[in-house]
Amino acid sequence: MIIKEISLKNFKSHRNTKIQFEKGINLIAGGNGAGKSSILEAILVALYGVRQGYARKSDLVMTGASEYSIEIVFELDNRDYRIVRKSGGNSELTGDVRIEGDQKINEWVEKHISPFHVFTGAVYVRQGEIEEIISDESEREKIIRRITRIGDYENAWKNLGAVIKELENEMNRFMEIARQKEECEKRIQEKGSEIDETRREIEKCENRLRELRESIEKVLEEKKVFDKMKEEIDRLSPEILKLEGEIRGLTERIGVLREQKAELEQKIASLFEEIKKLESLEEDAKKYSELQELYRDFLKSIQEVETKLRSLESEKERLSAELRKCEEEKKSLESVRREISEIEEKIKFLTPEAEKWRNLRGKVERKAQIEKILSEKNMTAERVEKIYLTIQKAREADKVIKEEFGRVSQQKGFLISEEKRLLESIERLNSAIGYCPVCGRELTEDHKRELILNYSLELEKIRKRLTEIENEEKKLDEERKKVEEVLSKQDLVMKYKQLADELNKISQDLREVEVEELKSKSEEYERMKNRLDFLKEVEAKALKSLENFDSLVEKLEKVRFIYSEAQKSKEQLLNRLKERGFSSIEGLEAEIRKLKASYEEWIGLKKAKDELDSAKTKLRTLDEEIERTSGIVKAKRSELEERVRTFDKIKGRYDEGRHLELERLERDLSKEIAALEEKAKVLRKNLEGLLADREYLEKQLETIKDADKKVKAIEKAIPELNKIREKFASYKNIVAEAALKEVERYASEIFEEFTEGKYSGIKLKRVVEYGKEKLKIFVIRQGEEKETSFVSGGELVALGIAFRLALSMFEAKGRIPLLILDEPTPYLDEERRRKLVEITLNYLRRIPQVIIVSHDEELKDAADRVISVEYRGGVSVVASQ
């Protein structure tokens, strides 16, 4: 398999990254946090999807984006394939096949490329694995067990033990159930007896119910006849009483109507008298109406004329006042025009100064505003500049401190690694017998003490240096805190700096300007302009008034003429009143008051004619109603006689005592039937419960019998499973031994080639130290086994890579088609880095394709293709390929 290209969109820190790979060695280089390892993670996700326990899709999406997309192009068996993975779904694989959906693509990759565990064991070497193989025995064994799958056999052995234990627990549970068989059969028999007894009781109830229902049927038939007669009696009694009441009411109504008729006849006679008097008052009433109308017309007309005269009098006064005002304005117009001319001359002189002030006014106000802001914060431009220079120095100091922290951390990491190596060497020397674990020579006590002393002195120097580094770190941390305290105010200082710069610029612009003099002239200009506007307005009003002078004279003459005409109309109205025999309005009012009493009496009697017609109509209506009501009374009496005859006939046949006896018998029989029905219902419900209990017990018996069968099956299975478990234990040891031998063989071949025959191979051995078994690596030098402390730093790196490649070859069945290394060089000194470059150049080149992620510059010389990755503005970008 050869990876040709990968494209990332919104994946972790990569917004839009496209990388092309070639055969040979591909190096992805860049600083820490640039997003290099994210590219390898994207290759793994593109091929195998997001695996449970590794990451969540939401954690892989770039901050602010909704989903990521990865596209990988690779060659497999001389065919090109493309896989597109999207966190939101819609994933697909294309090539000589087309597959959609994450799960189906995963199945195709597992089948045609390799299973996930093989890829992560043989192809993908995680960051720090080589260092762990070299220096950490515990992690080394974990890596071996993960890649060789030895742990699977141990897990199978443990899991089978858990299964056997669970089966034993199940067997005990089933045995407990099986012991209940005899008790269950006994309870089923008891329930059968209860069911038979309940069924007999139900049969007795049903027989008695049949007898009672026959008896009550006869009683109900006889009672039905008596009920019908009782219903007729109950119906006729109120009907008879109702008819009697209606007849009484109608008779009383006829009496009332006759009384009303007599009263109405008397009223008609009285109305005839009133009509005679009405005719004698008619002439006075007519005269009153005519005079009243004359009075209203005269009063209305005279009021209108007087109102008009008052309005015309006001208009005459207004027009006279306006004419007087026009005369005055004519006199003042010349004075206004002289003043306008003088002001216009002054404005012409002040206009350039006012224009200049308008241009500078904004700057003057802004200057005052800035000075106020700075003054409120107890700031000046000079003080702001001084604080700004302090911030600049703090930024530079912060940069230096960060660089120093990086340098100190690197030294500290190297020293801790050396301290650990020296402690392990001293420990091995203390426990060594016979041969020196360092140089391989015969170990004497003097040589041993000398080596331990040298290592102890070197260890003391390292620890002293570590103490110095820790002190340096403390000092740097104190300096960093001071710098951070200064930098915490930089946003506020920058704000004041901008204000101070703006203030300086405005001050420079205003330096040669007499601001107060300019402002004073501008204010004088505004006053002159306002006065000129006022005078212009006065002039315009005066001119307008003079234009209206002739019109006002004409209007005044017209108003005087209309006023004279209105006076004449008033005199005509008074003359018309005299013609009707009244010298004044008061004489007319006196005559109206004199006739008013006769008119009001005439009005009152005028209704008598209408009342007489109404009374005659009402009299006819009363006669008709008396006649109709008399007819209704006659019909009701006939109906009453018929009802009484029917009532007497039924009453003679009805026996109330027998009717009551039949009702009692019905109640008693109904109660007994209801009680028996309830008893039968309870018995049937009990029977249902008993049947359900028996059915449940029968099912329980089946469960008990099934549990008995399971007990026998488990008793038979457990010995067989124990035998299989014992075989797993023996297979585990055989497989582990075979896997270690295979890894040892591959590692020996590779290590021998890396060291150009200096070492003939390696040996894996399990040793017991301090009561704990460990898997240790020994190198073979001239036929003798040496501990890893014997080899140099560069040889140690070669050993770690050889061992990791051996694990990959074991997983890949001897041939590595593709190798991915994630940061193989962290914490390595110069000698070890050079060895890694040498191995990359001479050995890794044999693998068809190698992809390495590293920040090490030296590896660039060993690579066929270098891909540089940088982190800019919160996004990882490919700077060059």
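Tyr-731 is found in helix H17, which runs over residues 656–754. In this predicted model, Tyr-731 has a relative accessibility of 43%, so it counts as partly exposed. Together with Tyr-153 and Ile-734, Tyr-731 forms a nonpolar patch on the surface, and the three share about 300 Å² of accessible area.

Tyr-525 is found in helix H13 (residues 515–547). Is Tyr-525 buried or exposed? With a relative accessible area of 9%, Tyr-525 is buried. Leaving aside residues up to four places away in sequence, Tyr-525 touches Ile-347, Leu-350, Thr-351, Ala-354 and Arg-358. Arg-15 lies 510 residues from Tyr-525 in sequence, and their C-alpha atoms are 64 Å apart in space.

Now to the interior. In soluble globular proteins, nonpolar side chains tend to be buried together. Here the largest nonpolar core has 49 residues, and Phe-754, Phe-803, Leu-805, Leu-819 and Leu-844 have the most contacts inside it. Helix H18 (residues 793–811) gives the most to this core, with 11 residues. What does Leu-805 touch, not counting residues up to four places away in sequence? Its contacts are Ile-750, Phe-754, Ile-816, Leu-819, Tyr-843 and Leu-844. A second, separate core has 44 residues, including Val-45, Tyr-68, Ile-72 and Phe-116.

Phe-116 also belongs to helix H4, where it is buried along with Val-118, Phe-119, Thr-120, Gly-121, Ala-122 and Val-123. Because 7 of the 8 residues of H4 (residues 116–123) are buried, this helix is largely enclosed by the rest of the structure. Among the elements that cover its buried residues are helix H1 (36–48), helix H3 (102–112), helix H6 (137–148) and H18. Strands E8 (124–125) and E12 (818–822) are also part of the cover.

A search of the whole structure finds 6 aromatic pairs, two of which are set out here.

| Pair | Arrangement | Centre to centre | Angle between planes |
|---|---|---|---|
| Phe-11 and Tyr-68 | edge-to-face | 5.4 Å | 90° |
| Tyr-81 and Trp-108 | tilted | 5.0 Å | 50° |

Phe-11 lies in strand E1 (residues 2–11) and Tyr-68 in the loop between helix H2 (57–60) and strand E4 (69–76), so their pair ties together parts that are 57 residues apart in sequence. Both Phe-11 and Tyr-68 are buried. The other pair links Tyr-81 in strand E5 (residues 79–86) with Trp-108 in helix H3, 27 residues apart. Tyr-81 counts as buried at 6% relative accessibility, and Trp-108 counts as buried at 9%. Ring pairs also join Tyr-48, Phe-116 and Phe-119 into a cluster.

Note on methods: Residues are numbered from 1 along each chain as its sequence is written. This is a predicted model: local features need pLDDT of at least 70, side-chain atom pairs count only at pLDDT 80 or more; totals for chains, interfaces and linings use all residues. Side-chain values use heavy atoms; hydrogens and water are left out. A nonpolar core is a set of buried Ala, Val, Leu, Ile, Met, Phe, Trp, Tyr and Cys residues joined through side-chain atoms within 4.5 Å. Buried means under 20% relative accessible area, exposed over 50%, partly exposed in between (1.4 Å probe, protein chains only). Helices (H or I, at least four residues) and strands (E, at least two) are DSSP runs, numbered from the N terminus. Contact means heavy atoms within 4.5 Å. Patches are made of residues with over 30% relative accessible area and no salt bridge: like charges are joined within 9 Å, nonpolar side chains (Val, Leu, Ile, Met, Phe, Trp, Tyr) within 5 Å. Accessible areas come from the Shrake-Rupley method with a 1.4 Å probe; for residues, only the protein chains shown count as cover. A salt bridge is a side-chain nitrogen of Lys or Arg within 4 Å of a carboxyl oxygen of Asp or Glu. Rings of Phe, Tyr and Trp (its six-membered ring) pair if their centres lie within 6.5 Å; planes under 30 degrees apart count as stacked, over 60 as edge-to-face and the rest as tilted.
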